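Please look over the sequence and the structure before reading on.

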Amino acid sequence: MSINDLLSILMFVSFIGLILTGFPVAWVLGGLSIVFTVIAIVLDIDLGFTLGVDWAYASLSVNRVWDVMKNWVLVALPLFIFMGMMLEHSGIASDLMNNLSRVFGRVRGGLAISVTIIGVLLAATTGIIGASVVLLALLGLPVMLANGYRPSLATGTVCAVGTLGILIPPSIMLVLMADRLAMPVGDLFLGAMVPGLILGALYIFYLLMISRLDKRAAPVPADAEPVSVAALLGVFRAVLAPVGLILAVLGSIFFGLATPTEAAGVGAFGAMLLALLRKRLKLSVLTDVLQQTTTTTAFIFAIFVGATAYSLVLRGLGGDELIESALFGLPFGPTGVVITILFVTFLLGFFLDWIEISLIILPLVAPVVQSLGFDLVWFTVMFAVCLQTSFLTPPVGFAIFYLKGVAPEDIDVRTIYRGVLPFILLQLLGLALIFIWKPLVTWLPSQAY
Amino acid sequence: RPPGVASESQNSTGGTGFEIVRWRATSSFTSNLPIIGQPPHRVADNLARMSGGAFQMQVFEPGEIVPALEITESVKEGKVQAGFQWVGYDQGRIPASTLISAVPFGMEPIEFSAWWYYGGGRELGEALYAPHNVMPILCGLTVPETAGWFRGPVESLDDLLGMKIRFAGLGGKVLQRLGASVTMIPAGEIFQALEKGAIDATEFSMPAVDQLLGFSRVAKYNYFPGWHQTFSAAHLQINLDEWNSLRNQTKTMIRVACRAAAMEVISEAEYLQGAVIQDFEQQGVVTDMLSTEILEQLRAVTREVLDEEAAKDEHFAKILKSQREFSEVYRYWKTRGYLPRSF
Amino acid sequence: MQVDASKISEVFPHRERFPHTRLSAFTRRSFQRLLWGLSWIWFGLIGVVVINVTMRYLFGEGRIEFEEIQWHLYSVGFLIGLATCMDTDNHVRVDIFHANMSLRQQAWVELYGLLLLFFPFAIAMLAFSIPFVSYSFEIGEVSDAPGGLPYRWAIKSFLPLGIALMLLAAVSRLSRVTAYLFGWPRNVD
Ligand code: NA
Ligand code: NA
């Protein structure tokens, strides 16, 4: 094993070890980038190993952070967070969920299913996981917990549903993949649509099942009233505002009023307007919402900043090539190759984030898969589902991290890990379905345009 | 295989008689892109072969280590030893960079190569980048872009100006001057914005590249010619200290590999476009030329914009003057030597 | 069952277990004020987006300046926000083991983490970002978009500024850790 491979593995193992100490994930990532730069420099000077990682190289981190700063697409992140915070602080979110619980209170798992449906709608407005997870956590988590839902089920639902945003268009992940493979982003958007909805349906099916099988997972509240006309009217009124808001965001994209990024701003503005109409937009509410938007946005970006420095140095040490050489030593037939690639991607997703994987692996494997005669859109969508799963898989699951950042303090990471587990299995089930029935992906793109 | 680093000891030859060089290079175009994505990989490949493996240049994808628009600065500081890009991406930092990468109503590709290699262009380009510690080597020369993809027909200048259009660079400035509503929404959002009508038109690249992005499905009017980019040149930028430390033998290999890449790129580009446009027509896309009248109006404003830029920047003025002087003389040949395009 | 909106607004757990020092009490007050002022940036951002969309849709007029102002505002918001996150410890931690540690153990994690991971990273980033800003200033960098915003160095300089403020917040946090572990500096609680 070369010194590069050894250092790459060490850098990786250090990361896993150090985040378990509980020191902030962002600064473990950032700190290791410097520690391993120093190690590489020392090895170079003292022992003559030329590793190619020095201060000049490490300073690319700054250019990479700048690339995040001027990324207009990411402007949607604080805007959606603001929208969620505003709906929550102004009481619109709790009105919505309370009313939903009056109707669904008698349906086992009803609240989690409402969260799933809202999440699917939300996924069609944003492609940024941090934004959807935070928004859904604010909308749904408190009410589910207050209604006696098992914390692992409640948090698992929010995490999993929150990740649908990166599969259901618009999605920055699909945009990046299309760019990397030089293929039409429209094909990928349409190809990922049905699989995204299938996953949403699988979640709902699971929630229905589990709440019946395990009576304490999603209990019917003791004070659940029978569904009355008044309750239905209340729901109608409460749902009207936030769902209308989501549809306004969707609509402004769909009718060409705004790009997806701008639509986020329209949503934020709309949330403020709603609060105002309901006479709940006090100055204190507004300043609270604004401040929490700052802190939530900043903690997510802290992770971006740390992660970009870490992956730069890991790549410099040759971590990419290590993965690459492992992938290409595969002794399988065509279908076996595809299955292996997806499986390896799934495994890598436990530790790496989607940007890493789509930058490193996708350009390598896509030509191989294509030359084996497979449809590239079909393959890329399955690849995307694997990466969507990577947000959920411990230890490095960004959806888990984002949720952890906004969940009540007594919810620990372990609870969330337990909660996402069944959803990871559902993801694999969804993946198998797409693998077996290709038209689930390829039909929609072939119909359009 | 260890990742690339700066050249080792000057005299090290690894027994091949060639200088041992280990470089990291980055590209602003993904390797899956036909034509313009290829040169850095071809150059790296040829350098390795020519030197019997002594010259190893590892080429990274855009964003893999260096963001696509941060190449000059990274090369300047020696963060990477080399970078391949369309240097017009520097126009916010080095305004004249656009003149050696693409100019509205500028030269044709072969005309540009005549100017670059024989008309003093290379020296001007090197002088432009020397203060930034960068050596630019022409390494990719390609065909014009199209005038853009439109959701509706463009029969007059008013049609063009009435549209919300995504348009980069000096061409964008020209349209703005004429009163068009120009935006610069991110590349990843163009397709959807065009599909849904958040914008009415976009310029992007040459037909063979536009085809990959699927614009033909959402915009049914593809206009020509690429008045805003009559040629596109890409350069391999090398950190000047690294360059100066190389032996002449190695420098020659790099220059030769880049000239070969430039020739390959333009050949591939010329080869591919025709069939692509034919295919657009079969998909029901209108592939018309903008009227001479529109082009003349655009050219008049382009001249104003270029003159204004020249007044603001010394390098810009010098290079523009050189290009105009060359083109004036070249015109005697250009208008006589070739058959009219319609033949 | 009704949910009280005011209760769920406490979404950020503040890890306030370490004692305050004079420095940290000062930075807390200052950063809270900074946070209050800074956060209006999102209000401005929403306004710019809405104006931009309205102008383009109703009047068919696109403005590249407005598009660029959007990411200028957002990057100022998150860069300066980093410092307030550090001050109130709004960071994601994997708490599988951390939650069960004694306060003293957590303090040691914090001490070593800050000294060996955070400070080297932040100081290096600060050092890297200075030539990055000064080059932009020297060459008078402007936007590369037609009609884009001038003074790129101004927005770029928020990067070192944000890191410097975050370093200040981290020093203050370090003082709380050492106050707890070693009794120095004296705590003010
Ligand atoms: Na989405
Ligand atoms: Na993961």
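**Pocket and interfaces in brief**

The lining of the largest pocket is made up of 22 nonpolar, eleven polar and 13 charged residues. The model is predicted. The points below take the pocket, then the interface of chain B with chain C, then that of chain A with chain C.

**The largest pocket**

- The space in the largest pocket comes to about 1,900 Å³.
- Its lining counts 46 residues, and those that lie nearest the centre are G106(B), E108(B), T230(B), K334(B) and R341(B).
- Two or more lining residues come from each of four elements of chain B: α3 (109-118), α11 (248-282), α12 (292-312) and α13 (314-337).
- With ten residues, α13(B) gives the largest share of this lining.

**Chain B with chain C**

- In this interface, 22 residues of chain B are in contact with 19 residues of chain C.
- About 1,700 Å² is buried between chain B and chain C, and 55% of that area is on carbon and sulfur atoms.
- On the chain B side, the most area is lost by E73(B), G92(B) and R93(B), which together account for 28% of what that side buries.
- Two salt bridges are found across the interface of chain B and chain C. One joins the side chains of E73(B) and K156(C), with an N to O distance of 4.0 Å.
- Three residue pairs are in polar contact across the interface of chain B and chain C, counting pairs with both residues at pLDDT 80 or more.
- At least two residues of the chain B side that touches chain C are supplied by each of α2 (71-76), α6 (169-177) and β7 (181-183) of chain B. The largest share, four residues, belongs to α6(B).
- By class, that side of chain B has eight nonpolar, eight polar and six charged residues.

**Chain A with chain C**

- Chain A puts 85 residues into the contact, and chain C puts in 70 residues.
- The area buried between chain A and chain C is about 6,900 Å², with carbon and sulfur atoms giving 75% of it.
- One salt bridge is found across the interface of chain A and chain C. In the salt bridge of R56(C) with E262(A), the closest N and O atoms are 2.6 Å apart.
- Polar contact links eight residue pairs across the interface of chain A and chain C, again with both residues at pLDDT 80 or more.
- Helix α14 (residues 283-316) of chain A gives the largest share of the chain A side that touches chain C, 19 residues.
- That side of chain A divides into 50 nonpolar, 27 polar and eight charged residues.

Technical notes: Residues numbered from 1 in each chain as written. Chains lettered and ligands numbered in written order. Heavy atoms only, no water. 1 Å grid on protein atoms, 1.4 Å probe; cavity = no way out; pocket = protein on both sides within 12 Å on 5 of 7 lines; lining within 4 Å. Points joined across faces, edges and corners; volume = space filled by probe spheres on them. Nonpolar A, V, L, I, M, F, W, Y, C, P; charged D, E, K, R; others polar. Contact = heavy atoms within 4.5 Å. Buried area = accessible area lost by both parts, 1.4 Å probe. Polar contact = N/O pair within 3.5 Å; in protein donor to acceptor, adjacent residues only side chain to side chain.
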